Structure formats: C-alpha cells, structure tokens
Amino acid sequence: MARLLFVGGLGRSGTTLVERLLGELPGVCALGEVVHLWQRDIRANERCGCGERFAACEFWTRVGEVAFGGWANVDVYRVLALQAAVERTRHIPRLASPRLPDDYRAQVREYAGYYTAVYRAAAEVTGASVLVDSSKHSALAHCLRWSTGLDLRVAHVVRDPRGVAHSWTKVVSRPEADGESEMTRYSPGRSAMLWNAHNAAFGLLARRGVPLLRVRYEQFVADPRAGLSSLASFAGLSLGESDLDFLSEAHADLSVGHSAAGNPMRFSVGRIPLRRDDGWLRGLPATDRRLVGAVCAPLLRAYGYPVMVSRGGTR
Ligand SMILES: [Zn+2]
C-alpha cells in the first residue's frame with residue numbers, strides 16, 4: 001500500500017516550501033502537484049522541476065512505464081473528464097458522505113486510481129516509503145479518500161489569509177511555460193472566500209477519519225526543523241541525526257527535484273533563505289485587511305490568528 005502525504009491548503013500558503021523540504025528527507029519522494037500532471041505534463045510537455053521537459057525527464061519516463069506501460073497509454077481525455085465530473089469543490093459535501101451512489105463511487109475510484117498508480121510507481125522506481133503530492137486541492141483529497149490501496153495522510157498548511165490575499169494580488173509568471181503565461185490572480189474578497197472553503201473542507205476530511213496534521217505557515221517558517229520533524233513523524237518516518245543537516249533556521253539547501261507542476265519555487269536549487277513573508281502587513285490596503293479579517297473571522301479564531309491586525313502588525 002502506497003503511503004501518501006498529501007500537502008493541502010489554499011495556494012500561496014507555503015505548500016511548495018513544505019513539499020520541497022519534505023523532499024529532502026530520506027525515504028521521501030516529492031512529486032509536485034500531481035493534479036496538473038495530466039494536462040500540463042502528459043499533454044503540454046511542460047517542464048519538470050529538474051528543468052527537463054516532462055517527456056525527456058528520466059524519472060517521469062520510468063514512472064509512466066511502471067504505472068501504465070508508458071504515458072501514451074493514459075487516456076488523458078478520460079482523466080480530465082473524470083476530473084470535471086467528480087473533483088469539484090461543490091461536490092465536497094457529497095464526497096464527504098459515508099456512502100456514495102454506486103455509479104458516482106465508481107467514477108471517483110477510477111479517477112483516484114490514476115493517482116494511486118502514479119504514487120505506487122514512484123515508490124517502486126525510487127524505493128521511497130512516503131510519496132508527497134502537493135496538489136493542495138481539497139476536492140482531490142476527498143476523492144483520494146475513496147481510493148483502495150492508499151494510506152492517505154494530509155498535511156494541512158494554513159497561512160494568515162491576509163498574507164494569502166496579498167500574494168494572490170501579485171503578478172507571477174510561470175517559467176515552465178517559458179514566460180508565456182502568468183499565474184492566476186484573485187481579489188482579496190475572492191481569496192478570502194476560497195480560504196474559508198478550502199480550509200473548512202480539510203476540517204471535514206479530518207472529521208471523516210483521515211489522519212491530518214495542521215501546519216501553520218508562520219510557525220513552520222519560524223522553526224522549520226521542528227516543523228519538519230513533526231511532519232516526518234506524522235508520515236511514519238524515523239529520522240537520523242544528520243537528516244536535517246540541510247536545514248537551519250535561516251536557510252535550506254535544496255537539491256534537484258522532479259516536481260510535476262506547481263509554484264515556480266519548485267525550480268529553486270541550492271541555498272534558499274527561509275523567512276516569513278510578512279509583506280502584506282505593509283502591502284495589503286487596510287480596507288482589504290479588514291474585509292479579509294471579517295470574512296475569515298471564525299476560522300481565524302479556530303486556528304489561533306488575530307481577527308484584526310493593525311498596520312505594522314500585532315504579531
Ligand atoms: Zn524531472
């Protein structure tokens with residue numbers, strides 16, 4: 001049975017950083033955002049985290065051979081049709097129910113089966129005991145709950161929604177598409193609504209019995225060694241003394257990874273600084289700060305964040 005650590009949360013919450021650090025641990029294979037593998041990699045042949053085009057990456061070529069006898073055997077249209085049919089945020093209440101109608105359950109299992117095949121193949125190719133998928137989408141995590149043959153655990157990464165909102169207003173280009181396109185942008189009001197919906201969805205997953213560890217981005221970055229140690233033990237890994245040597249309070253030394261898709265940070269190699277991104281305290285206008293605080297108030301309290309933050313910050 002493949003053991004999967006699914007890194008979930010709303011985008012711009014630090015999921016890519018968490019995944020990259022996990023990927024440095026022995027026994028872990030970090031795959032990036034597998035949710036985008038079908039369209040961006042198999043069809044569009046975008047770049048792997050190692051810098052190669054997907055079709056030229058040896059790692060992914062071997063995974064495709066083991067999982068499906070080669071990527072050419074994957075009916076991508078079928079996967080995308082299933083994705084459109086079952087992996088919807090509005091389906092989460094249905095996916096979270098104790099039983100599913102037979103035909104719907106069959107679709108969910110078929111869809112989750114494609115992912116499980118990828119995880120199993122990656123485990124076989126690398127010998128890793130833990131696979132990491134940083135797809136983030138709560139609806140996908142709910143689909144994977146129905147997979148047979150998957151030991152699903154969720155690292156639920158939460159960041160102050162005002163920081164998330166600020167990040168979503170920035171222009172970020174997508175280097176894997178050779179600068180041709182930019183990442184999506186959301187207004188602060190929209191990202192606040194999404195923050196509520198996705199974080200609540202992960203709470204629901206935990207109530208359905210899926211093992212879930214909540215990681216607050218701000219705490220994680222303040223003490224990354226402690227954060228990574230607790231994630232490792234949650235994933236069932238026992239670390240040796242030197243396994244965290246790549247990581248200090250101030251920086252991490254990253255090696256090349258084979259992330260299928262995700263935030264441009266997946267291409268970073270070598271020493272990267274680790275510091276909390278608090279740019280929103282100055283960069284997010286006060287009206288937006290108050291709006292996001294009001295929309296997200298119940299979960300802010302539940303996660304231990306202040307509902308109101310004055311300019312300059314109280315934390
Ligand atoms: Zn690669």
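**Salt bridges, zinc and a helix**

A: Start with R276: at 30% relative accessibility, R276 is partly exposed. Keep in mind that this is a predicted model.
Q: Which residue does R276 meet in a salt bridge?
A: D278. The N to O distance between their side chains is 3.0 Å.
Q: How many salt bridges are there in the whole structure?
A: A search finds 9. One of them joins E110 and R78, at 2.7 Å from N to O.
Q: Where do E110 and R78 sit?
A: E110 is in helix α6 and R78 is in helix α4. They are 32 residues apart, so the pair links distant parts of the chain. E110 is partly exposed at 30% relative accessible area, and R78 is partly exposed at 33%.
Q: What about D160 and R162, buried or exposed?
A: Both are buried. They form a salt bridge too, with the closest N and O atoms 2.8 Å apart.
Q: Which residues are linked in a network?
A: R3, D151 and R153, through salt bridges.
Q: New topic. Which residues hold the zinc ion?
A: The protein donors are C48, C50, C57 and H258. They lie 2.1 to 2.4 Å from the zinc ion.
Q: What is the geometry of the site?
A: Tetrahedral, with angles of 97 to 119° among the 4 donor atoms.
Q: Is C48 buried or exposed?
A: C48 counts as buried because its relative accessible area is 0%, and the cut-off is under 20%. C50 is partly exposed, at 25%.
Q: Last one. How many residues of helix α1 are buried?
A: 8 of its 8, so α1 is mostly covered. Among them are T15, E19 and R20.

Note on methods:
Residues numbered from 1 in each chain as written. Predicted model: local features only at pLDDT ≥ 70, side-chain atom pairs only at ≥ 80, totals over all residues. Heavy atoms only, no water. Buried < 20%, exposed > 50% of the residue type's maximum accessible area, 1.4 Å probe, protein only. Helix = DSSP H or I, 4+ residues; strand = E, 2+ residues; numbered from the N terminus. Donors = N, O, S within 2.8 Å, 3.2 Å for Na, K, Ca; no water. Tetrahedral: all angles 85-135°; square planar, octahedral: opposite > 155°, others 65-115°. Salt bridge = Lys/Arg side-chain N within 4 Å of Asp/Glu carboxyl O.
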